Amino acid sequence: MQAWQVHENGEPSEVMRLADIERPTPGDGQVLLRVRAANINFPDVLMARGHYQVRPPLPFTPGVEICGETEDGRRVLANPALPHGGFAEYAVADAAALLPAPDSLDDAEAAALHIGYQTGWFGLHRRAGLQAGETLLVHAAAGGVGSAAVQLGKAAGATVIGVVGGPGKAAVARELGCDVVIDRRAEDVIAAVKEATGGRGADVVYDPVGGEAYAQSAKVVAFEGRIVVVGFASGTIPGPSLNHALVKNYAILGLHWGLYNTKNPKLVQHCHEQLTDLAARGAIKPLVSERVPLAEAAAAVQRVADGVTTGRVAVVPQNGAAV
């Protein structure tokens, strides 16, 4: 089969190599899946660079989120068991963690419903307790993680403010349903949020960026607000001022979705049922901006690394078309 492999750490376009290798052999409790679509996530970039908390042994195939097909023909969502990741024609995954792919979504959309939407659901509902009528601020609102949070926030009845970088991404954020869109490259984010909220600030802030975005979050979070820390796409991990959280009376909430798979897997299943229902009703629909063939995966991962993509980019081994 064909698979992309990382033999040394570095930028994805430089270290990912397409090779003909043997199909992986499932271990105990694992299944072999034909990859129908593999979604590109920022952790794929970080793993290629050697900067992620999970460091699979070299060489490894990246790709942490797929829509696959079992030997008996079922469409499923899976997080491949590294080092046999999803940027390949076949991958392996834990049988107990497979989730049924929603009938309402095609393969690329289904692959994109998993990590980003699960993270959004747990972050907004389980951790932050987002309520209808509250204001939600989403950083990187046109990206894969942010776009999921925007849709989930709107589905929950929140007013959603999206922060993006550039007019192209601003247009995408508006199409996603943001009530207010702020271009951080052209506007003062803090002033714009305060103006949009009448000086009150955002009840919930969803931050997959870190760095300067977190500093802005702390200045615009409302009384009894909640900042959900999802990731650090900026590359800078902020050091929050706890005295500021105390004086302003807000909460800082960490969200590591992967822990739920080991600590409370039943909640992951419950979340998937909720997401499947929302997708069936048309309340959410993953934004897949590109579908690329397997041969173009490395270049696509690099575009995600460079921050020039919107929504999700899916690698589709069957000639780049939805299967």
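This is a predicted model: local features need pLDDT of at least 70, side-chain atom pairs count only at pLDDT 80 or more; totals for chains, interfaces and linings use all residues.
Local features need pLDDT of at least 70, side-chain atom pairs count only at pLDDT 80 or more, and totals for chains, interfaces and linings use all residues. Residues are numbered from 1 along each chain as its sequence is written, and side-chain values use heavy atoms, without hydrogens and water.

**Sheet.** Six strands form an open sheet with parallel pairing, in the order β10-β9-β8-β11-β12-β13. Two strands pair if DSSP finds at least two bridges between them. Helices (H or I, at least four residues) and strands (E, at least two) are DSSP runs, numbered from the N terminus. The edge strands, β10 and β13, each pair on one side only. From one strand to the next, the twist averages 20 degrees.

Two of the pairings:

| Strand pair | Residues | Bridges |
|---|---|---|
| β9 and β10 | 159–164 and 180–183 | four, parallel |
| β12 and β13 | 221–229 and 251–254 | four, parallel |

Glycine 162 stands opposite valine 181 in β10. The chain crosses from β9 through helix α6 (residues 167–176) to β10, a right-handed β-α-β crossover (clockwise from the first strand over the helix to the second, with the strands pointing away from the viewer). Isoleucine 227 faces isoleucine 252 in β13.

**Helix pair.** The axes of α4 (residues 115–127) and α5 (residues 144–155) come within 8 Å and cross at roughly 50 degrees. Axes are lines fitted to C-alpha atoms, for helices over the stretch in contact, and angles run from 0 to 180 degrees between N-to-C directions. Contact means heavy atoms within 4.5 Å. Residues making the α4–α5 contact include Trp121 of α4 and Leu152 of α5.
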